[in-house]
Amino acid sequence: MRRYGPAVLLALVGAAILRVSLFSELYLRYVQAGLRPYLVVSGAALVLLAVAVAVAGVARGAAVHEAEGHEGGDGDGHGGGNGGGDGHEGEGDHAGHSHSHSHSLSHSHSHGHSHGPAGPRVAWFLTLPALALLLFPPPALGSYSAEREAAQRAAQGVGTFPALPSGNPVDLALGEFGSRAVYDSGRSLKGRTVRLTGFVTRDGDGTWYVTRLLVSCCAADATTAKAEVRGVEAPPVDTWVTVTGTWHPEGELGSTEAWPPVVDVTSLRRVRQPDNPYEKR
């Protein structure tokens, strides 16, 4: 482990990063699309560093074995010279035995330190988290993360929003739908049919929402956008759906009663989770 462990860990982490960023779209579960090049470069650098560490370990091991070979040859020659000395045979044997015993203890200690069961074998367990990241990337944030946030939203003043595109239904991000419903004094949603996509969350009283998480940079700064759904039965929590309906005004503009906005749904369709499950805040 002391020689090859760091290389293995670096290679596993680098391979995991490359797997989610270079060979798939899984990185979108964690960061914005614009960060992909940085992830690819980071993963490649870790893999290359792992190769360099492994090569250095092999070279260091070869040097150690060569040095041990020279040491063994010197010890044999020294022992033979002492044995042939006149009047000092006992003393030479004692010195040779002492030197050999000391070398043996040193080598035994080194051998035990490098491969002992209490240290390095346990240290290999450090590879398990990196291996899990490579084989089982964590899923995107879902209803649990959304429910932990107590309806926080960006501080905005009431004002007039730009007109919506013509035609019905109009596809809207949940963040934009919520902003227009709560803050738009021009009532741009009035009389319009909207289409919203998100995953299902639910309150304890049975109220359910179509929900999306908004991110600025990565999943760590996620906030929640959601709309209360009325008129159709709720699918299971975390199911991704597209709902079509009309805005149902509630409360005064900018008030807490206006949040979350309500949509009277006329149709619901289950959909697959999009490659990018987050909306940009």
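Which residue of β4 does V210 stand opposite? The points below take up this pairing and then the rest of the fold.

1. Basis of the note. This is a predicted model, in which local features need pLDDT of at least 70 and side-chain atom pairs count only at pLDDT 80 or more, while totals for chains, interfaces and linings use all residues. Residues are numbered from 1 along each chain as its sequence is written, and side-chain values use heavy atoms, with hydrogens and water left out.

2. Overall composition. The protein holds 7 helices and 7 strands, where helices (H or I, at least four residues) and strands (E, at least two) are DSSP runs numbered from the N terminus. Along the sequence their order is α-α-α-α-α-α-β-α-β-β-β-β-β-β. Of the 281 residues, 32% count as buried; here buried means under 20% relative accessible area, exposed means over 50%, and partly exposed lies in between, with a 1.4 Å probe and protein chains only. The protein exposes about 16200 Å², of which carbon and sulfur atoms supply 59%, the areas coming from the Shrake-Rupley method with a 1.4 Å probe and, for residues, with only the protein chains shown counted as cover.

3. Contacts along the chain. Taking contact to mean heavy atoms within 4.5 Å, 70% of the contacts between residues at least 6 apart in sequence join residues at least 24 apart.

4. Strand β4 and its partners. The answer to the opening question is A227, which stands opposite V210. Strand β4 (residues 223-230) is mostly covered, with 7 of its 8 residues buried. Strand β3 (residues 208-215) is joined to β4 by 6 bridges, and the two run antiparallel, whereas β4 and strand β6 (residues 262-270) run parallel and are joined by 3 bridges; two strands are taken to pair if DSSP finds at least two bridges between them.

5. The largest nonpolar core. A nonpolar core is a set of buried Ala, Val, Leu, Ile, Met, Phe, Trp, Tyr and Cys residues joined through side-chain atoms within 4.5 Å. The largest one has 21 residues, and those that touch the most other members are L172, F177, L189, V194, L196, V210 and V263. At least two residues of this core come from each of α7, β2, β3, β4, β5 and β6. Leaving aside neighbours within four places in sequence, L196 is in contact with L172, L174, F177, V210, A227, V241, T242, V243 and V263, a list that includes both V210 and A227.

6. Salt bridges. A search of the whole structure finds 5 salt bridges, each defined as a side-chain nitrogen of Lys or Arg within 4 Å of a carboxyl oxygen of Asp or Glu. One of them joins D171 to R195, with the closest N and O atoms 2.7 Å apart; this pair links distant parts of the chain, since D171 lies in strand β1 (residues 170-171) and R195 in strand β2 (residues 193-202), 24 residues apart. D171 is exposed at 53% relative accessible area, while R195 is partly exposed at 28%.

7. E176 forms a salt bridge with R180, the closest N and O atoms being 2.9 Å apart. Both residues lie in helix α7 (residues 174-183), 4 residues apart, or about one turn of the helix. E176 is partly exposed at 33% relative accessible area, whereas R180 is buried at 5%.

8. A charged network. The side chains of R230 and E228 meet in a salt bridge of 3.0 Å, N to O, and a network of salt bridges links E228, R230 and E250. E228 is buried at 15% relative accessible area, and R230 is partly exposed at 29%.

9. The surroundings of T244. T244 is found in strand β5 (residues 240-248) and is buried at 13% relative accessibility. Not counting residues up to four places away in sequence, T244 touches P169, T193, V194, R195, D264, V265, T266 and S267.
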